[in-house]
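Please look at the structure before reading on.

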Amino acid sequence: MRQSVNNLSCQEFQARLPELIGTGERIADHPHVQSCELCSALLADLDAIAQAARQLFPVEEPPDDLWKEIESAIVREEAASRSAP
Amino acid sequence: MSYSTPVPPLRNAPVEAMAGATATAAESVAAIAPSGNDPAAILARAQGGDHQAFAQLYSMHKKHVYSLCLHMIGNVAEAEDLTQEAFLQFHRKIGTFRGESALSTWLHRLTVNVVLMHLRKKGLQTNSLDEMMEPDSDQRPGRSFGARDPVLSGAIDRLTLQRAISDLPPGYRLIFVLHDMDGFEHNEIATMLDCSIGNSKSQLHKARLKLRESLRNPPRQEALK
């Protein structure tokens with residue numbers, strides 16, 4: 001699938017995307033994106049994923065016995081520091 | 001010496017809100033909550049060596065710390081070990097917390113550092129963090145040249161996204177969690193991971209591409225059982 005602007009195919013453009021993004025270039029302004037529906041849709045998808053992730057911080061509960069292990073470790077550390085010269 | 005069982009906080013107000021509160025605001029909160037359960041008072045007691053107060057801080061922050069470890073590392077057993085290490089470091093350093101930042105922010109960064117230190121140590125045994133950040137070619141995202149998949153045209157399913165994130169290669173997951181879920185900036189990530197800002201940006205892009213692939217082709221439910 002060959003795109004006219006910049007003579008970049010979608011394949012070439014997408015291969016260069018990580019590098020382009022790394023340079024800080026505004027990808028939405030890239031001539032290929034301006035003229036290519038597919039790559040524009042790809043970037044929209046990636047933005048949608050980022051947006052969805054911002055709403056997502058699933059909260060997980062640690063196992064109940066984890067506190068006992070932490071408590072024991074703290075007690076051991078305190079005992080060690082008391083016995084240190 | 002024994003610690004008492006952690007007790008849940010009476011309120012969910014963040015500690016920092018209380019730590020930075022004016023006297024008037026603190027007084028008004030004190031009027032509606034027992035002073036012993038005031039988060040700022042709990043923190044002060046824990047800093048003074050009160051074990052029960054530290055147990056209360058554990059109860060208040062355990063879910064966030066554990067979830068952060070689990071999302072960054074993607075492995076339950078390691079997440080438990082790292083949560084333990086984070087709280088041990090929290091206990092060792094609690095006296096140095098002066099309230100310039102929010103306690104939750106401070107603990108969050110401490111936890112991120114604990115996980116990164118763990119990854120660096122692990123990297124020495126296996127491969128470098130740079131290598132880990134760039135997974136094998138079969139784990140890298142492919143390229144997409146077909147028509148836009150309608151799956152991503154609508155709302156992204158929360159559970160599917162969570163599963164896809166947990167299935168990301170470790171390096172991609174790390175950058176994605178730090179940037180898109182935790183809100184760290186690329187310059188902060190570059191400092192934390194000792195990589196260039198450009199590398200952080202391009203890795204994030206690859207992580208999102210990989211997620212897009214997973215969201216377009218989610219594993220079949222039967223395969224997950």
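How many helices and how many strands are there in chain B? Chain B has 12 helices and zero strands, where helices (H or I, at least four residues) and strands (E, at least two) are DSSP runs numbered from the N terminus. This is a predicted model, in which local features need pLDDT of at least 70 and side-chain atom pairs count only at pLDDT 80 or more, whereas totals for chains, interfaces and linings use all residues. Residues are numbered from 1 along each chain as its sequence is written, and chains are lettered from A and ligands numbered from 1 in the order in which they are written.

**Chain B as a whole**
- Of the 225 residues in chain B, 36% are buried (20 or more other C-beta atoms within 10 Å of a residue's own, with C-beta atoms placed from the backbone).

**Helices α3(B) and α4(B)**
- The axes of α3 (residues 39-47) and α4 (residues 51-73) of chain B come within 7 Å and cross at roughly 130°; axes are lines fitted to C-alpha atoms, for helices over the stretch in contact, and angles run from 0 to 180 degrees between N-to-C directions.
- Ile42(B), Leu43(B), Arg45(B) and Ala46(B) in α3(B) meet Ala53(B), Phe54(B), Gln56(B) and Leu57(B) in α4(B); contact requires C-beta atoms, placed from the backbone, within 7 Å.

**Contact with chain A**
- Chain B contributes 36 residues to the contact and chain A contributes 38 residues.
- α11(B) supplies the largest share of the side of chain B that touches chain A, 10 residues.

Technical notes:
Two residues are in contact if their C-beta atoms, placed from the backbone, lie within 7 Å. A residue is buried if 20 or more other C-beta atoms lie within 10 Å of its own, exposed if 12 or fewer, and partly exposed in between; C-beta atoms are placed from the backbone.
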